[in-house]
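Reader: I've got the coordinates open on my screen. Can you walk me through them, one question at a time?

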Amino acid sequence: MAADKARYYLEQSIPELYEYEKKKVFTKDEITAITKKRSNFEHRINASGCHVVDFTRYAQYEMNLDALCRKRIKRLGVRARMHYGTRRIFFILDRATRKFPGDVPLWLQYIEFAKREKANGVLAKTLASALKLHPTKPELWIYAARHAVEENLDILEGRGHMQRGLRFCTKSKDMWREYAKLEMVFVAKVFLRRAVLGIDQPVKKRDEGNEDENMMILPEVTGEDFEAAKKDKSLDTMALENIDTNPALNGALAIVIFDQAMKEIPGDVEFAGDFYSLFAQFGQLKCCRKLLEHVVTHMLNTAPKHPQTLWLSVQLPLWAVKPTDPAFPGRLSKVLANMGAAVVETDNRSDLYLFFARYFTELLKASPNLDVGIKKVVSASLIKYFKLAEKEDATKPELYARWVDLMFRREKKEEALRIAQRGLDRFPEDVGLSKVERKLKSS
């Protein structure tokens with residue numbers, strides 16, 4: 001039975017191979033080798049004990065063969081049908097998903113190939129079948145939503161996929177994060193379209209000398225901006241909406257997603273922190289600060305002593321404020337005051353000290369031209385909390401490593417070496433501190 005099936009499927013490729021031989025795309029020996037290879041694959045996948053990998057290897061072989069065939073046809077300049085390889089690969093992947101319908105990576109491979117070949121009909125059909133068979137797989141819903149937004153430019157379809165997926169995957173953190181990201185990306189696109197249309201730009205005064213009553217004043221738009229935003233027609237009407245009243249643009253929709261995610265997955269501070277990090281990536285949006293404050297408020301209400309909660313609350317005044325901004329010194333003073341209060345409140349000083357050290361050591365590295373007075377204040381605050389952590393036995397290897405790096409940057413090599421040695425006394429098996437000590441001794 002398996003041999004008959006294999007022979008039947010091999011016979012389907014005879015016209016294709018005959019055409020390639022006639023037009024000298026492949027030699028007779030190469031066609032013999034292709035036939036032998038296909039015969040081996042067909043007998044293997046039609047056998048009772050076949051595996052998913054047999055189908056994937058067969059499909060990969062056909063993909064490579066099709067790529068070679070296309071290159072030779074182009075080089076030889078002959079006219080030949082180009083659809084043979086693609087059709088055969090689709091057929092193999094379709095048989096594979098029918099044989100192993102429970103294998104999600106196999107479905108994703110089929111979908112990716114259809115997308116690459118721009119076979120929209122096959123892609124839609126395959127994606128629908130995959131979602132129907134695997135409604136509890138978040139990765140499929142996320143893929144469908146991204147495809148709807150990025151390829152079809154349809155935010156409503158993308159939202160629909162996310163909302164249907166969340167009915168089946170209410171506890172999936174990835175689904176909630178991706179849903180929020182989808183909405184934030186869409187809002188960013190809308191603001192880009194508003195910039196292209198000149199809606200948010202201040203009205204320029206007319207040059208009275210060149211004023212013409214029959215001339216219409218249009219906003220200035222660069223070609224690059226126009227090309228980036230002109231394709232997405234769904235943004236046109238949204239761009240004209242009032243930002244303050246539209247829930248999709250003023251952050252209200254993102255807040256609803258966050259609140260619902262917190263209800264479904266309560267008490268997970270790190271999950272809430274993921275939303276903070278996600279929203280912080282869209283600092284150019286007007287609603288961003290409101291979103292961050294909402295996340296921090298929720299975290300303070302649910303886990304007021306958690307170090308991540310307190311740290312996000314501590315550093316919020318400095319969010320989106322550059323060190324060269326005139327408001328920076330005042331905001332820095334507020335952050336340092338907040339840190340002092342947070343140290344008293346937290347139930348885990350070790351992590352809080354580490355959050356503080358990471359933020360400000362990276363700030364010093366990224367701002368070599370920082371004002372001398374500000375640099376002194378930041379360095380003194382870092383040293384203060386480094387010493388407090390050591391005194392309270394709340395240190396970690398990373399904390400010592402950052403302390404050593406700070407001293408080394410301040411050209412205090414001997415003190416840096418002593419700190420590294422103290423760190424190794426507490427964490428003798430830490431590889432990172434050992435490397436730091438060796439580097440100091442050799443420099």
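Predicted model: local features only at pLDDT ≥ 70, side-chain atom pairs only at ≥ 80, totals over all residues.

Reader: Is Phe-41 buried or exposed?
Author: The cut-offs are under 20% relative accessible area for buried, over 50% for exposed, and partly exposed in between, using a 1.4 Å probe and protein chains only. Phe-41 comes in at 7% relative accessibility, so the label is buried.

Reader: What kind of aromatic pair do Phe-41 and Tyr-61 form?
Author: Rings of Phe, Tyr and Trp (its six-membered ring) pair if their centres lie within 6.5 Å; planes under 30 degrees apart are stacked, over 60 edge-to-face, and the rest tilted. Here the centres are 5.7 Å apart and the planes make 40°, which makes the pair tilted.

Reader: How many residues apart in sequence are the parts that this pair ties together?
Author: Helices are DSSP runs (H or I, at least four residues), strands are E runs of at least two, and both are numbered from the N terminus. Phe-41 sits in helix H3 (residues 28–45) and Tyr-61 in helix H4 (residues 52–76), so the parts tied together are apart in sequence by 20 residues.

Reader: And which class do the rings of Phe-55 and Phe-100 fall into?
Author: Phe-55 is in helix H4 and Phe-100 in the loop between helix H5 (83–99) and helix H6 (104–116), so this pair ties together parts 45 residues apart in sequence. Phe-55 is also buried, at 3% relative accessibility. With centres 6.0 Å apart and planes at 75°, the pair is edge-to-face.

Reader: Which residue lies over the face of Tyr-9?
Author: A charge sits over a ring if NZ of Lys or CZ of Arg is within 6 Å of the ring centre and within 35 degrees of the ring normal. At 4.0 Å from the ring centre of Tyr-9, the residue over the face is Arg-95.

Reader: Moving along, what is the handedness of the crossing where H19 passes H20?
Author: Axes are lines fitted to C-alpha atoms, for helices over the stretch in contact, with angles from 0 to 180 degrees between N-to-C directions. Those of helix H19 (residues 372–391) and helix H20 (residues 397–409) come within 11 Å and cross at roughly 140°. A crossing is left-handed if the near helix is turned anticlockwise from the far one by less than a right angle, right-handed if clockwise. This one is left-handed.

Reader: What is phi of Lys-24 near?
Author: Lys-24 lies in the loop between helix H2 (14–22) and H3, and is exposed, with a relative accessible area of 68%. Phi is positive in this residue other than glycine, near 60°.

Conventions
Residues numbered from 1 in each chain as written. Heavy atoms only, no water.
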